[in-house]
2 protein chains.
Amino acid sequence: MRVSTDRRTLLADAAIGVLADAGMRGLTHRAVDRAAQLPPGTTSAYYRTRQALLTALVRRLVALDQAELQEIGARTPPLRSAGEVVRGLVAFTAARLTGDGRRRSLARYACAVESARHPELREILVPRENLARQALCDFLAAQGVADPEERTVTLLTCVDGLVFDRLVNGGSVAEEELRGLVTAALR
Amino acid sequence: MRVSTDRRTLLADAAIGVLADAGMRGLTHRAVDRAAQLPPGTTSAYYRTRQALLTALVRRLVALDQAELQEIGARTPPLRSAGEVVRGLVAFTAARLTGDGRRRSLARYACAVESARHPELREILVPRENLARQALCDFLAAQGVADPEERTVTLLTCVDGLVFDRLVNGGSVAEEELRGLVTAALR
DNA sequence: ACGGTACTTCTACAGGTGTAGAAGTACCGG
DNA sequence: CCGGTACTTCTACACCTGTAGAAGTACCGT
């Protein structure tokens with residue numbers, strides 16, 4: 001049994017694109033075939049049920065996000081000032097709102113909505129530890145914040161809210177807005 | 001031409017329920033018929049295209065939200081302290097996370113995601129003036145905040161982010177979190 | 001009472017969708 | 001060279017969906 005993990009990943013990536021471009025309703029086996037430029041029936045062969053396809057999509061999405069966040073965290077020196085944190089968040093939000101990051105964000109929020117009804121998806125989507133998050137948490141702890149973990153969660157959830165809004169209504173997340181949130185986290 | 005606006009509203013309400021319970025993929029003419037307990041074909045007769053159904057759904061959703069916010073604003077005396085604002089937001093978020101408010105929230109976020117791809121929906125969903133929002137904005141202005149409108153938008157967007165998170169992952173929005181956001185808005 | 005109008009219900013149908021399994025192809029060990 | 005295994009592609013089909021229009025029903029003014 002030599003599993004061609006490449007094909008499966010390719011299809012999962014294509015599925016993310018389809019979800020971003022056509023929504024949950026447009027996410028079908030055949031649409032993924034077309035997006036991946038593979039013969040019709042391919043997606044159905046690798047992910048026989050739609051549920052399997054969606055699960056693979058979500059797993060891939062989380063893997064991509066996690067890889068990105070690990071990378072950001074890895075190349076970020078320990079955060080020393082609120083200004084540095086704000087700059088980091090500006091870059092982060094911008095990446096989620098443009099180009100490929102935007103499509104992934106669209107897919108992510110669509111999955112998040114879906115996961116409210118599907119515990120098995122929620123389990124995969126649940127926020128995980130990663131170096132970027134850790135860097136932020138460490139910063140809050142170093143600044144003497146009492147509950148750095150909780151504050152990190154709240155801060156990132158609010159940032160997510162801003163990203164979601166801009167994703168839908170356009171525009172970008174302003175430095176000013178992020179400064180406010182970071183200040184609140186430090187309060 | 002005597003239009004039975006009742007039937008249309010009834011169907012739009014049923015559609016909101018279907019969307020909340022079954023997602024965008026489950027939102028079909030026949031599913032709305034069933035949810036409304038009306039003979040099959042009814043929804044299709046009143047909203048011939050799916051697009052028409054979705055548009056009516058979104059309009060109804062906005063009307064319900066707007067009515068709720070006007071009512072909240074109308075019975076709220078002018079806000080005098082951050083504590084009052086926080087209490088108001090606690091009640092507001094709780095209402096969006098339980099019972100019927102929860103279902104409406106699920107539908108709203110699903111529509112928001114959809115509207116990222118559909119300008120005509122976005123136009124209907126765009127945040128509107130209402131008495132509750134006005135009360136918050138007035139409070140910020142009275143506290144000497146420079147850009148009360150912008151701060152109001154940012155604050156409510158962050159609150160929306162918190163609600164979205166709890167909607168998916170469970171739990172409620174803590175007073176502590178809201179206090180942080182309000183403090184940030186006043187900063 | 002009755003004809004007409006507007007509303008309601010039913011039926012049809014051309015696609016699309018999920019899923020299964022058959023047919024085809026490539027490639028490795030011998 | 002060849003048989004077999006695993007991967008790939010094709011085909012089938014039952015069901016669902018969007019949409020149209022016909023048939024049926026209620027109710028109003030006259």
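Author: A:Phe164 counts as buried because its relative accessibility is 9%. Buried means under 20% relative accessible area, exposed over 50%, and partly exposed in between, with a 1.4 Å probe and protein chains only. This is a predicted model, in which local features need pLDDT of at least 70 and side-chain atom pairs count only at pLDDT 80 or more, while totals for chains, interfaces and linings use all residues. Residues are numbered from 1 along each chain as its sequence is written, chains are lettered from A and ligands numbered from 1 in the order in which they are written, and side-chain values use heavy atoms, with hydrogens and water left out.

Reader: How many helices and strands are there in chain A?

Author: Chain A has 10 helices and zero strands. Helices (H or I, at least four residues) and strands (E, at least two) are DSSP runs, numbered from the N terminus. Of the 187 residues of chain A, 49% count as buried. Along the principal axes, the C-alpha atoms of chain A fill a box of roughly 55 × 40 × 30 Å.

Reader: How is a pair of aromatic rings described?

Author: By the distance of the centres and the angle of the planes. Rings of Phe, Tyr and Trp (its six-membered ring) pair if their centres lie within 6.5 Å; planes under 30 degrees apart count as stacked, over 60 as edge-to-face and the rest as tilted. Over all chains, a search of the whole structure finds five aromatic pairs. One of them is A:Tyr109 with A:Phe164: the ring centres are 4.8 Å apart and the planes at 25 degrees, so this pair is stacked. A:Tyr109 lies in helix H6 (residues 99–115) of chain A and A:Phe164 in helix H9 of chain A, so the pair ties together parts 55 residues apart in sequence.

Reader: Is A:Tyr109 buried or exposed?

Author: A:Tyr109 counts as buried, because its relative accessibility is 3%. A:Tyr109 also pairs with B:Phe164: the centres are 6.2 Å apart and the planes at 35 degrees, so that pair is tilted. B:Phe164 lies in helix H9 (residues 148–169) of chain B and A:Tyr109 in helix H6 of chain A, so the pair joins two chains. A:Tyr109, A:Phe164, B:Tyr109 and B:Phe164 form one aromatic cluster.

Reader: Is A:Glu150 buried or exposed?

Author: A:Glu150 counts as exposed, because its relative accessibility is 53%. A:Glu150 is found in helix H9 (residues 148–169) of chain A.
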